[in-house]
Amino acid sequence: MTTSTASSAEPRPGLAAAASADRGILTRDFSLWYGGFQALIGVSASIRPGRITALIGPSGCGKTTLLRSFNRMNERFPGVRTSGQITIMGQNILAPEVSLIELRKSVGMVFQRPNPLPLSIYDNVVFGLRLHGGAGSLCRAEEKLAVEKALREVFLWDAVKDRLGARATELQLEQQQKLCIARLLPLRPEVLLMDEPCSALDAEATAAVEELLDGMRRRYTIVIVTHNMAQARRVSDDCIYMLSGRLVEHGPTAELFINPRDRRTEEYIEGRYG
Amino acid sequence: MKPEEAMRPDSQPAQDASGPGGAAPPGRRRTAGRGPIRRLFHSLSERTIVSLIYLCGISAIVFVFSIFYFIFREGAPFLRDGFDFQKFFFSINWMPTSEVERSYGILALIFGTGAVTLLAMVVAVPFGLGTAVFIAEFCGRRTREALKILIELLAAIPSVAWGFIGMVVMGPLIVRVTGADVGANALNAGIIVGLMSVPIIVSIAEDAIRAVPDDYRAAAEALGATRWQVVYKVIFPAAKSGLLAAVLLGVGRAVGETMAVLMATGNAVNIPADGRFPFFHALDSVSTLTATIASELGEAPRIGALPDGSYPPAAHHYQSLFVIGIALFVITFAVNLTADLVVKGIRKQR
């Protein structure tokens, strides 16, 4: 018991050692095309590990596309081409020998609309484990422990511990979104990608999820796309401002909001467009 | 040109149409005389068309009820004259024309229908669901369109052609492969009817699979699921009611199929099972409820009632076939109703 609580409270050894930037997410001159349309143009960024990085920018600027490139979810769409490099935790994820399954195991994703699977709460949390574990690799007790740990980590355990068999789709939206975060955790991801995770939630639920994110800082490298400037300011350590598929500015959130280097960033955060 | 001038030619006819009997412009006075007749004609044809459409609309209901009434009326005397429920459903002796001992027991026919339906589903369910999964999840848009057309084509093959294939192709093949005595048997009919049920299973199952929200697929894929894992861990559970409905409709199709079954089963009243291993004999010839009706109705004399209102024993053959018809009607109605309720259930969930 003691070991598990200790490991969840402190940064994991892999991240503690990863003070250098190359342990985070590194993109080098990364471009992406949807058919003939170029959605990302030469994006180079170095996202630091153990921090929350917000991707901001007006609609259609490519921030979601960039986010979805980090676990190669864009490949679900036909006609997607890329060039350049993305390195996550020191590994080029676009290399042909990279296993998509392993990549998505260590780079979890939370979607805009909460999308728990139409299974029980319990089955949702262990879904990933069962995918990757193979048949009967975990005994029931271990599974239960993993479920409890994951649900506790997202502050959902007390609310659902008596009805783990209930359908996940019947939970409130906030709880659904928390569950969607919880189901990533048993796979011990390094990176969590969040695509406007609060856009379907009301103010109170948003606050609850933000609080959760705040608590997860340092244990995971979190990249969050948000339309909500105030939210970016509240939750993120670093901020990336994008415009028309290009990375305009990348820096610590406080600095970027108070003293933007680029005129376009300044105009955007002042609300002149977007 | 001023805007008002441009508007005028458009606005005047509109006024004419909206205000009947209103002041017509001078140029139109010549046609105004025919107005009332034309209007009468218009309203008459309008009413005719509306009532025709109405008739078409309710005709389905009328047909269903009149068919049910007719079948029931023809079968009713048999049900009235000392109908033995237990003997009818639980006797294996179907000897409607015997001079010595007439006997109307449809158990063997029920078993025949059951055996053919079961074998058909063994063929059609994996085949149909597999095809539906492939069409909905794995193939590209062009392959999908081509396959859907081909599947529809499969549904368009007349059942007598299927029966022909069963007799001429499948029969000898079964004899050669299994060493059965006759090629016309339950297995033959099962395979044929199975293939006939595939199109309906594919089309309903494909709809059910495509109705699964893409969010679920994305969620599973983002957790590192392979495509096959997405199918059996997410799509099957999510679409299970629709898939069940597809299978049930396939069952309904198999139970009701007549001509192909008549040609492929061998049409011998027989229970294809016994107490000895392997219990179920797919290579026995059988006869089904539908095939019995189709083959015997032509020979069964329709005899009217005697002056005292009773019927001679020979009249019961014809009537008993209609009672089988009622039983079939009930079975297929129950299956289709269940499928329908299952499908409605899915819609409500969303």
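## Chain B overall

Of the 350 residues in chain B, 37% count as buried. The model is predicted. The secondary structure of chain B comes to 14 helices and 2 strands.

Contacts in chain B reach across the sequence. Take those with a separation of 6 or more: 73% of them join residues 24 or more positions apart.

## Helix H6 of chain B

Helix H6 of chain B covers residues 141-156. How far apart should the ends of its 16 residues be? At 1.5 Å a residue, helix H6 of chain B should span 22 Å. The C-alpha atoms at its ends are 23 Å apart, which agrees.

H6(B) is hardly covered. Among its 16 residues, the count of buried ones is 1. A residue needs 20 or more other C-beta atoms within 10 Å of its own to count as buried.

## The open sheet of chain A

In chain A, 4 strands form an open sheet. Their order is E2-E1-E4-E5, and the pairing is antiparallel. Strand E2 (37-47) and strand E5 (91-92) of chain A stand at the edges. Each has a single partner strand, so one side of each is left without a neighbour in the sheet.

Strand E1 of chain A spans residues 25-34. E1 and E2(A) pair in the antiparallel sense, over 7 bridges. One residue pair can be named here: A:Tyr34 has A:Phe37, in E2(A), as its bridge partner.

Strand E6 of chain A takes in residues 107-110. In a regular strand the side chains alternate between the two faces of the sheet. Are the faces of strand E6 of chain A buried or exposed? Both are covered. A:Val107 and A:Met109 are buried on one side, and A:Gly108 and A:Val110 are buried on the other.

E6(A) runs parallel to strand E7 of chain A, residues 191-195. The two are joined by 4 bridges. Opposite A:Met109, which is buried, stands A:Leu193 in E7(A).

## Where the chains meet

How many residues of each chain are in contact with the other? Chain B has 15 in contact with 17 of chain A. On the side of chain B that touches chain A, the elements giving two or more residues are helix H9 (214-222) and helix H10 (227-238) of chain B. H9(B) provides the largest share, 7 residues.

By residue type, this side of chain B divides into 10 nonpolar, 3 polar and 2 charged.

Technical notes: Residues are numbered from 1 along each chain as its sequence is written. Chains are lettered from A and ligands numbered from 1 in the order in which they are written. This is a predicted model: local features need pLDDT of at least 70, side-chain atom pairs count only at pLDDT 80 or more; totals for chains, interfaces and linings use all residues. The expected span of a helix is 1.5 Å times one less than its number of residues. A residue is buried if 20 or more other C-beta atoms lie within 10 Å of its own, exposed if 12 or fewer, and partly exposed in between; C-beta atoms are placed from the backbone. Two strands pair if DSSP finds at least two bridges between them. Two residues are in contact if their C-beta atoms, placed from the backbone, lie within 7 Å. Ala, Val, Leu, Ile, Met, Phe, Trp, Tyr, Cys and Pro count as nonpolar, Asp, Glu, Lys and Arg as charged, and the others, Gly among them, as polar.
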